[in-house]
Amino acid sequence: MLEEIFLETEEKMQKAISSMENRFLNVRAGRANPKILDKVMVEYYGSPTPLIQLATISVPEARKLVIKPFDRNSIGSIEKAIFEANIGLTPNNNGEVIMLVIPELTEERRKEYVKEAKNIAEEAKIALRNVRQDANNAIKKLEIPEDDQKRGQEDVQELIAKYNKVVEEKLKEKEKELMEI
């Protein structure tokens, strides 16, 4: 019974970490990354469609994204969707492809992105604490000796310490990446 709770708890903690990593991908570091376009939804034949389904996205240079639509007629709606997505980039359309030039980040902007990354990491820690709380409540509900409950809660505490360390390491990596010129 305790083993099931530990496995479920660890699985939830891993999901919290991968969610944080995915959110980190959307924090720009001054380099072109197709992931920043993941949330762009294009109005295509009356229904919102993810950009990735309508075009190929390539990175020809370190600070340039090129979007080549499968259907040339959709280029206008793709351009409009990028504007509306409010990702801080201005699309340039030459009739065949859309180019997005990622501007060089200023020191001030880099610090803002670091703050954003710290907020994302803090939200991940909150998620981990909530998972710990759920696990501890589940252990308390079990009808097992008090010593086993204590041991179970200590094991859960070790798990959260391990995953908090992972959050800190990932945050340090992201901060380093953001502050790198």
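Residues are described here as buried when their relative accessible area is under 20%, as exposed when it is over 50%, and as partly exposed in between, with a 1.4 Å probe and protein chains only. By this scale Y45 counts as exposed because its relative accessibility is 71%, and Y44 counts as partly exposed because its value is 21%. The model is predicted, so local features need pLDDT of at least 70 and side-chain atom pairs count only at pLDDT 80 or more, while totals for chains, interfaces and linings use all residues. Residues are numbered from 1 along each chain as its sequence is written, and side-chain values use heavy atoms, with hydrogens and water left out.

Rings of Phe, Tyr and Trp (its six-membered ring) pair if their centres lie within 6.5 Å, and planes under 30 degrees apart count as stacked, over 60 as edge-to-face and the rest as tilted. The count comes to one aromatic pair. That pair is Y44 with Y45, edge-to-face, at 4.7 Å centre to centre and 75° between the planes.

Turning to the overall fold, the protein chain has four helices and six strands; helices (H or I, at least four residues) and strands (E, at least two) are DSSP runs numbered from the N terminus. Along the sequence they follow the pattern α-β-β-β-β-α-β-β-α-α. The radius of gyration of the chain is 22 Å, well over the 16 Å that the globule rule gives for 181 residues, so the chain is more spread out than a compact globule. This radius is taken over C-alpha atoms, and the rule is 2.2 Å times the number of residues to the power 0.38. The C-alpha trace spans about 70 × 40 × 20 Å along its principal axes. Of the 181 residues, 36% count as buried.

The buried residues of α4, including Q149, V156, Y163 and K174, pack against α1 (2-25) and α3 (107-141), where contact means heavy atoms within 4.5 Å.

In the largest core, of 21 residues, M13, M20, F24, L128 and V167 touch the most other members. Helices α1, α3 and α4 each supply at least two residues of this core, and the largest share, eight residues, comes from α3. Beyond its neighbours up to four places away in sequence, M13 touches L128, V131, R132, L159, I160 and Y163. Apart from this core lies another, of 20 residues, among them A32, I36, A55 and I78.

R23 lies in helix α1 and is partly exposed, with a relative accessible area of 35%. Leaving aside neighbours within four places in sequence, R23 is in contact with I120 and E123. I57, in strand β3 (residues 55-61), touches P34, L37, L51, I52, L65, V66 and I67, again not counting residues up to four places away in sequence.

Notes: Core = buried A, V, L, I, M, F, W, Y, C linked by side-chain atoms within 4.5 Å.
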